[in-house]
Amino acid sequence: MHGAAVSFRNIAKRYGSVVALEDFTLEVQPGEFVTLLGPSGSGKSTALNILAGFTDPTEGQLTVAGRDVLAMPPERRNVGMVFQSYSLFPHMDVFDNVAFPLKLRKVSRAEIQRRVASALEMVQLPGYERRRPSELSGGQRQRVAFARAVVFEPAVLLMDEPLGALDLKLREAMQAEIKRYHRQLGCTIVFVTHDQGEALALSDRIAVMGQARIAQIGTPEDIYDRPVSRYVAQFIGRTNALELLPMGQRRWQLPGLGLTFDEPAQDAPWPAEAAALCLRPEHLRRADGRSSALEFEAQVSEVTFLGDHTLYLLRTRQAAELQLHESRGAQAAPLRRGDQVRLAFDPTTASALSGPVHAASSHTPPPGDLP
Ligand SMILES: Nc1ncnc2c1ncn2[C@@H]1O[C@H](COP(=O)(O)OP(=O)(O)O)[C@@H](O)[C@H]1O
Ligand SMILES: [Mg+2]
């Protein structure tokens with residue numbers, strides 16, 4: 001516990017009967033980039049605001065660099081924060097906005113000059129000192145907000161959906177910048193987003209949030225390849241969730257595909273109570289006779305061309321709906337609506353999970369689906 005940059009222990013926050021955060025335990029290592037990823041209302045901002053010192057938890061302990069910070073005001077916690085809405089002071093120019101945390105900490109004038117110049121250098125805005133926020137683009141405002149958050153060299157940098165207000169192109173450019181800042185500063189970052197692509201692209205580890213709790217913590221690869229629940233499987237990326245029935249002796253049935261098969265030999269056996277098989281659309285392919293694969297028939301019901309890949313919606317004779325992702329340049333000719341096709345997948349690429357299957361992937365989990 002001592003080496004952690006940030007340690008949340010059993011933190012809870014309740015507003016009357018509303019549970020905003022429950023049993024939240026997370027250790028962030030020095031220099032690590034950890035993202036809280038979840039739908040709106042899952043408690044992400046609550047966790048960040050508790051860490052920043054803007055919200056008091058109802059229960060639990062919180063340390064930053066081994067020190068208990070719960071009794072400390074925000075400016076003593078050595079934590080910088082970037083908000084979604086920039087929250088720059090509109091009446092102050094860029095210099096004064098960035099200098100603000102230093103003035104609050106009674107840093108000398110000469111040191112303020114030096115540090116503001118270096119922060120603006122880092123976000124590539126030298127020469128903008130005398131501009132007001134209203135004279136900047138969205139991306140420039142977000143860079144100023146970033147400079148202001150790092151200018152006092154905080155040990156931990158918090159970002160709450162910092163790119164949410166930007167359009168897609170700018171968001172991707174800013175993601176690359178954030179990666180560069182992280183490398184350059186070497187600081188610990190706790191980042192919040194509801195955008196799974198952003199979380200996968202930026203993070204060392206992701207904590208997937210659902211209904212005020214952490215549903216899973218792991219590296220982007222862990223979360224994507226080995227989701228622990230159907231909720232996580234469906235929140236991260238696209239997934240086919242198929243009804244799975246145990247037949248005993250580690251034999252299983254997929255009624256939607258009309259298949260019965262032996263569980264593949266692998267490190268971790270499927271849970272005995274597994275009720276769903278989650279299969280990524282890119283793990284499905286046209287049948288090619290490979291022996292380890294399971295094969296079935298389906299009909300194409302929808303074709304969506306997405307540039308570098310095509311997404312097909314298919315329906316089996318047993319009325320299961322499936323998504324198939326095919327990269328451009330795959331040898332076979334594109335499928336068309338109404339085509340009958342033989343598909344295959346390797347069961348070792350799928351995750352068997354407890355909990356019932358519901359139709360089509362959704363970002364709002366049914367109640368009771370979280371661990
Ligand atoms: N001041 C408050 N009073 C009452 N409920 C709140 C307050 N702040 C947050 N909540 C509730 O707590 C839950 C989590 O909110 P929040 O942490 O803002 O979620 P997120 O950032 O993931 O969208 C939501 O249901 C929200 O309505
Ligand atoms: Mg929020």
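Me: Why do E12 and strand E13 (residues 251-254) count as strands that pair?

Reply: E12 and E13 share three bridges in the antiparallel sense. Two strands pair if DSSP finds at least two bridges between them, so the three bridges meet the criterion. In this pairing, Trp252 of E13 is the bridge partner of Pro246. The model is predicted: local features need pLDDT of at least 70, side-chain atom pairs count only at pLDDT 80 or more, and totals for chains, interfaces and linings use all residues. Residues are numbered from 1 along each chain as its sequence is written, while chains are lettered from A and ligands numbered from 1 in the order in which they are written.

Me: What makes strand E12 (245-248) and strand E14 (259-262) stand at the edges?

Reply: The open sheet has three strands in the order E12-E13-E14, with antiparallel pairing. E12 and E14 each have a single partner strand, so one side of each lacks a neighbour in the sheet. On average, neighbouring strands here are turned by 30° against each other, direction ignored.

Me: Which are the edge strands, among them strand E16 (285-286), and on how many sides does each pair?

Reply: The order of this open sheet of five strands is E16-E20-E17-E18-E19, with antiparallel pairing. E16 and strand E19 (321-327) are its edge strands, as each pairs on one side only. E19 joins strand E18 (residues 309-315) through seven antiparallel bridges, and Leu314 stands opposite Leu322 in E19.

Me: How do you know that strand E9 (residues 205-210) and strand E10 (residues 213-218) pair?

Reply: Five bridges link E9 and E10 in the antiparallel sense. Val208 stands opposite Gln216 in E10. The hairpin has two residues between the strands, and Gln211 takes a positive phi near 45° there.

Me: Why is H2 called roughly parallel to H4?

Reply: The axes of helix H2 (residues 94-104) and helix H4 (residues 138-150) cross at roughly 30° and come within 7 Å. That angle makes H2 roughly parallel to H4 (angles under 35 degrees). The crossing is right-handed, the term for a near helix turned clockwise from the far one by less than a right angle.

Me: Which residues in H2 and H4 meet?

Reply: Val94, Asn97, Val98, Phe100 and Pro101 in H2 meet Val144, Ala147 and Arg148 in H4; contact requires C-beta atoms, placed from the backbone, within 7 Å. These residues divide into six nonpolar, one polar and one charged. Ala, Val, Leu, Ile, Met, Phe, Trp, Tyr, Cys and Pro count as nonpolar, Asp, Glu, Lys and Arg as charged, and the others, Gly among them, as polar.

Me: What makes H4 roughly parallel to H5?

Reply: The axes of H4 and helix H5 (residues 168-185) cross at roughly 20° and come within 11 Å. The angle therefore places H4 roughly parallel to H5, and the crossing is right-handed. Gly138, Gly139, Gln142, Phe146 and Val150 of H4 make the contact with Leu170, Met174, Tyr181 and Leu185 of H5. By class, six of these residues are nonpolar, three polar and none charged.

Note on methods
Axes are lines fitted to C-alpha atoms, for helices over the stretch in contact, and angles run from 0 to 180 degrees between N-to-C directions. Helices (H or I, at least four residues) and strands (E, at least two) are DSSP runs, numbered from the N terminus. Angles under 35 degrees count as roughly parallel, over 145 as roughly antiparallel, 65 to 115 as roughly perpendicular and the rest as oblique. Two residues are in contact if their C-beta atoms, placed from the backbone, lie within 7 Å.
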